[in-house]
Amino acid sequence: MKSGKLNWDDLNKIIKNNRSVNRKEVKVRPGIGEDCSIIDFGDYECALSTDPITGTERNIGKLAVHINCNDIASTGIEPLGILVTILAPEGTDIEQIDSIMKEIDEETKKLNVEILGGHTEITKAVNKIIVSCTAIGKGKNNTAISTSGAKIGDDIIVTKSIGMEGTYIVVNDYFEYIKDLLSFKEIIEVKEYINKISVVKEGVIAGKFGVNSMHDITEGGVLGALWEMAKASLVGFKVYKEKMPISTSTYKICNKFDVNPLRLISSGSMLITTKDGAALIEKFKENGINASIIGKVTKEKGILVENNVEIEVEPPERDELFIINEKINKFGI
């Protein structure tokens, strides 16, 4: 198999064939687009999510904290703790591991999230350092929002700019290939994307506002997140490419490597559906968060409108970042 997440058909079969126990306390279980499980603890409920960092070797401590806390934030619940697993190849020195943990500690301080424990190991099983985290959040019972709650007629909102994480990774990991593509100002701007990849603030705001569905946009980009939301909610969507918030830097990089910015990993952007998108955007604006309405939830089919042409959106495959990695490693482009 190629690098990237398993396709949903294969993953669904594995999940369905290997889930023998169904506890009554579990309110949200694994499924398409559901990054968090929700567990009933009486007056409160607990949100849990886990993810590794595999697409880059830089800033992996920072990214690991945010991609996991973002999952919790997509339920409208504030994350409170994180468990950290670090697997490092032989030859790794203690300073490298300490540096990653310092990064993790720095980011958790910003979010008021406690490091609850974890595991660190040197092993022949990996050829680069892998960081995987599990994040935990706590909220009042019956307040958590799921990916599967989108309703026909909802406005579809995305926050910030699509493709920030993928753009940042390419600029950091493959600077030699893009240094003449972007202006100095654009490079500085992209370097700042790492400080914008948390969606905890907008997730909590949207949870309090009252929305029907949320999904943080990660592997597979905005089209992958839309497809997952629609599949989980048994609805369709109609969105417009010209309404997608995409930076000039992201467009330039995607054009150079001939990849689709709408399918590029996009931590830092939240996908939200709500009956009153304009009011939520105003609430975000009051809190210094940019957001855009990109379309509507419909009865059936996922449609992207590009240059007045309607294109049916296919299920997400592997992220465009892996394609960029392969092109550079194989062909040096």
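## The crossing of α2 and α3

Helices α2 and α3 make a right-handed crossing, a crossing being right-handed if the near helix is turned clockwise from the far one by less than a right angle, and left-handed if anticlockwise. Helix α2 covers residues 60-73 and helix α3 residues 94-111, and they pack at an angle of about 40° with their axes 7 Å apart. That angle makes α2 oblique to α3, since angles under 35 degrees count as roughly parallel, over 145 as roughly antiparallel, 65 to 115 as roughly perpendicular and the rest as oblique. The axes are lines fitted to C-alpha atoms, for helices over the stretch in contact, and angles run from 0 to 180 degrees between N-to-C directions.

On the α2 side, Ile 60, Gly 61, Lys 62, Val 65, His 66 and Cys 69 meet residues of α3, among them Ile 100, Glu 103 and Leu 111, where contact means heavy atoms within 4.5 Å. The residues of this contact of α2 with α3 divide into six nonpolar, three polar and four charged; Ala, Val, Leu, Ile, Met, Phe, Trp, Tyr, Cys and Pro count as nonpolar, Asp, Glu, Lys and Arg as charged, and the others, Gly among them, as polar.

## How the model is read

This is a predicted model, in which local features need pLDDT of at least 70 and side-chain atom pairs count only at pLDDT 80 or more, while totals for chains, interfaces and linings use all residues. Residues are numbered from 1 along each chain as its sequence is written, and side-chain values use heavy atoms, with hydrogens and water left out.

## The crossing of α4 and α9

Helix α4 (residues 164-173) and helix α9 (residues 248-257) have axes that come within 10 Å and cross at roughly 65°, which makes α4 roughly perpendicular to α9. The crossing in which α4 passes α9 is left-handed. Thr 167, Val 170 and Val 171 in α4 meet Ser 249, Thr 250, Ile 253 and Phe 257 in α9, and by class this contact has four nonpolar, three polar and no charged residues.

## The seven-stranded sheet

Seven strands form an open sheet with mixed pairing, in the order β8-β10-β7-β11-β9-β12-β13. Helices (H or I, at least four residues) and strands (E, at least two) are DSSP runs, numbered from the N terminus, and two strands pair if DSSP finds at least two bridges between them. At the edges stand β8 (213-216) and β13 (309-312), each with a single partner strand, so one side of each is left without a neighbour in the sheet. The twist averages 25° from one strand to the next.

Strand β12 (residues 302-306) pairs with β13 in the antiparallel sense over four bridges. Glu 306 has Val 309 in β13 as its bridge partner, and Ile 303 stands opposite Glu 312 in β13. The hairpin of β12 and β13 has two residues between the strands, and Asn 307 takes a positive phi near 55° there.

## Helices on the sheet

Helix α7 (residues 200-209) lies across β7 (155-159), β8 and β10 (270-274), and runs at about 10° to β10. Helix α8 (residues 221-233) also packs on the sheet, touching strands that include β7, β9 (236-240) and β12, and its direction makes about 155° with that of β9.

## Strands β1, β2 and β3

Strands β1 (residues 26-28) and β2 (residues 37-41) run antiparallel and are joined by two bridges, with Ile 39 in β2 as the bridge partner of Val 26. Five bridges join β2 to β3 (residues 44-53), and these strands also run antiparallel; the bridge partner of Phe 41 is Tyr 44 in β3. In the hairpin of β2 and β3, which has two residues between the strands, Gly 42 takes a positive phi near 85°.
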